[in-house]
Amino acid sequence: MKTAEAKLDMFSAKPAQGYAPDQPLCELGFAEQFLVWSLRVQWRVSDEGAERSILLQRAFDALDLPGGAAMVAELAGALTRTVQRPLSIPCPRWRVLTSDEVRVLNFVAALQRQGTNPRATLDPAWVAAPCGASPIWAPAQRLALALSAAGLVLGNTNAPASPFPEAMPRILH
């Protein structure tokens with residue numbers, strides 16, 4: 001994971017620098033790889049008109065996080081409703097991060113860390129005007145808490161990185 005940390009102006013469209021667009025997934029820890037993979041699988045399922053993926057549900061079950069697939073579906077739905085442009089969420093086999101995935105990772109990571117301001121990592125375009133609230137906040141926070149409870153902490157530099165998708169549980173293949 002890139003260690004350069006830059007403070008994000010709340011009104012800047014630039015994502016925080018914890019992760020970077022075009023960063024290879026193999027440089028990320030398991031928690032990040034799993035979250036990116038989950039979002040990509042859900043995005044594909046959403047495109048096909050289904051609500052949740054059985055594959056995704058099995059993956060979360062294997063991690064003792066049975067509600068995880070529903071949380072990812074809820075976050076994906078909130079992103080779809082809030083962001084007024086097509087999001088760059090590629091197929092699950094894509095080997096690098098997109099700028100939108102970077103924004104999601106930075107936001108969820110900030111929600112997991114104490115002492116950080118998650119609002120500073122939330123892309124201003126994802127905030128609903130005029131109240132400044134974002135429909136993305138609640139589902140992202142639920143997912144961040146659930147991942148933390150399951151021991152999947154984003155930004156954990158002590159976790160060994162493994163190539164994607166080999167880091168996924170065997171049940172996913």
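This note sets out numbered points on helix packing, aromatic pairs, a loop residue and salt bridges.

1. Basis of the note. The model is predicted, with local features requiring pLDDT of at least 70 and side-chain atom pairs counted only at pLDDT 80 or more, whereas totals for chains, interfaces and linings use all residues. Residues are numbered from 1 along each chain as its sequence is written, and side-chain values use heavy atoms, with hydrogens and water left out.

2. Packing of H2 on H3. Helix H2 (residues 54-62) packs against helix H3 (residues 68-82) at an angle of about 130°, the axes being 8 Å apart. That angle makes H2 oblique to H3. Helices here are DSSP runs (H or I, at least four residues), numbered from the N terminus. Axes are lines fitted to C-alpha atoms over the stretch in contact, and angles run from 0 to 180 degrees between N-to-C directions. Angles under 35 degrees count as roughly parallel, over 145 as roughly antiparallel, 65 to 115 as roughly perpendicular and the rest as oblique.

3. Residues between H2 and H3. Leu56, Gln57 and Phe60 of H2 meet Gly68, Ala69 and Val72 of H3, where contact means heavy atoms within 4.5 Å. By class, this contact of H2 with H3 has 4 nonpolar, 2 polar and no charged residues. Ala, Val, Leu, Ile, Met, Phe, Trp, Tyr, Cys and Pro count as nonpolar, Asp, Glu, Lys and Arg as charged, and the others, Gly among them, as polar.

4. Aromatic pairs. The whole structure holds 4 aromatic pairs. Rings of Phe, Tyr and Trp (its six-membered ring) pair if their centres lie within 6.5 Å; planes under 30 degrees apart count as stacked, over 60 as edge-to-face and the rest as tilted. Phe30 and Phe34 are stacked, because their ring centres are 5.8 Å apart and their planes stand at 25°. These two residues are 4 residues apart in helix H1 (residues 30-47), separated by about one helical turn. Phe34 also forms an edge-to-face pair with Phe60, at 4.9 Å centre to centre and 75° between the planes. Since Phe34 lies in helix H1 and Phe60 in helix H2, this pair ties together parts that are 26 residues apart in sequence. Both Phe34 and Phe60 are buried (under 20% relative accessible area; exposed is over 50%, partly exposed in between, with a 1.4 Å probe and protein chains only). Ring pairs link Phe30, Phe34, Trp37 and Phe60 into a cluster.

5. Ser53. This residue is found in the loop between H1 and H2. Ser53 is buried, with a relative accessible area of 9%. Leaving aside neighbours within four places in sequence, Ser53 is in contact with Val41, Gln42 and Val45.

6. A search of the whole structure finds 4 salt bridges, each a side-chain nitrogen of Lys or Arg within 4 Å of a carboxyl oxygen of Asp or Glu. In one of them, Arg142 meets Glu74 at 2.3 Å, N to O. Arg142 lies in helix H6 (residues 137-149) and Glu74 in helix H3, so the pair ties together parts that are 68 residues apart in sequence. Arg142 is partly exposed at 38% relative accessible area, and Glu74 is partly exposed at 32%.

7. Network around Asp100. Arg85, Asp100 and Arg103 are linked in a network of salt bridges. The closest N and O atoms of Arg85 and Asp100 are 2.5 Å apart, while Asp100 and Arg103 meet at 3.5 Å, N to O. Asp100 is buried, with a relative accessible area of 2%, and Arg103 is buried at 11%, whereas Arg85 is partly exposed at 38%.
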